[in-house]
Amino acid sequence: MNTLLEKNARLNLLGPPLKKIQRLIPIPVLVLAIIGWFIPDFWKTGLFTLFSLPLLCLGGVVREIMRLRILKRHLPAELYQETVLKVGRASMIGYFVPVLLFYAGDLFPQYSGVAFAMILIWVLVITLFVSKLNATAKQLDPAFVTMREIEQYRKK
C-alpha cells in the first residue's frame, strides 16, 4: 500500500511538468522539420533528409535532458543515479546512433541498405535495453515510475 501511495505521489509531482515538456519540445522541432520539407531543393527535400532526421533526434535528446533535470530535483540522489540516469543515458544514445548510421548510409550509398537494416536493428535493441533497465529500476524501487507511465498519466 505504501508503494502505491509513493507511486501516486510521484505521478502527481512529476506528471504536470513532464507533460509540458512532452508538448513543448516536439512542436517546434516538427515545425522546423516541416519548414525544411517545403524549402525547394533543400538537400533534395523530404521529411527524412540530412536536415530533418537529425533535428528530430536532437529534439528527443533535449527532451530527455530536460526530463532528467526535473527528475533530479524530485528524487533522492542515490535512487536517481541507480535508475533514472541509466535509462536517460540509454535513451539519449538511442537517439544519436541512428543519426550516425543515417549519415554513414548517405556517405556510402552502396551500403545504404545495410545502414537502414542496422538502424532498424538498433531501434529494436535500444527498446529492449531500455525496457530491461526499467524492469531493473522497478526491482530496486517498487515505486519507480517509467517515462511511459508519466506521459500516460492523466490528472483527474
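Me: What is the volume of the largest pocket?
Reply: Happy to start there, with a reminder that this is a predicted model, where local features need pLDDT of at least 70, side-chain atom pairs count only at pLDDT 80 or more, and totals for chains, interfaces and linings use all residues. Residues are numbered from 1 along each chain as its sequence is written, and side-chain values use heavy atoms, with hydrogens and water left out. On a 1 Å grid over the protein atoms alone, a pocket is an open set of points where a 1.4 Å probe fits, with protein on both sides within 12 Å along at least five of seven lines. Volume is the space filled by probe spheres set on those points, joined across faces, edges and corners, and for the largest pocket it comes to about 690 Å³.

Me: Which residues lining the largest pocket are the closest to its centre?
Reply: Lining residues have an atom within 4 Å of a pocket point. The largest pocket has 28 of them, and the closest to its centre are Glu64, Ser91, Val130, Asn134 and Arg148.

Me: Is Asn134 buried or exposed?
Reply: Asn134 sits in helix 5, residues 112-140 (helices are DSSP runs of H or I, at least four residues, numbered from the N terminus). Leaving aside neighbours within four places in sequence, Asn134 is in contact (heavy atoms within 4.5 Å) with Val87, Phe144 and Thr146. Buried means under 20% relative accessible area, exposed over 50% and partly exposed in between, using a 1.4 Å probe and protein chains only. Asn134 has 16%, so the word is buried.

Me: Why is the pair of Phe102 and Tyr103 edge-to-face?
Reply: A search of the whole structure finds one aromatic pair. Rings of Phe, Tyr and Trp (its six-membered ring) pair if their centres lie within 6.5 Å; planes under 30 degrees apart count as stacked, over 60 as edge-to-face and the rest as tilted. The ring centres of Phe102 and Tyr103 are 6.3 Å apart, and the pair is edge-to-face because their planes are at 65 degrees.

How values were computed:
Helix = DSSP H or I, 4+ residues; strand = E, 2+ residues; numbered from the N terminus.
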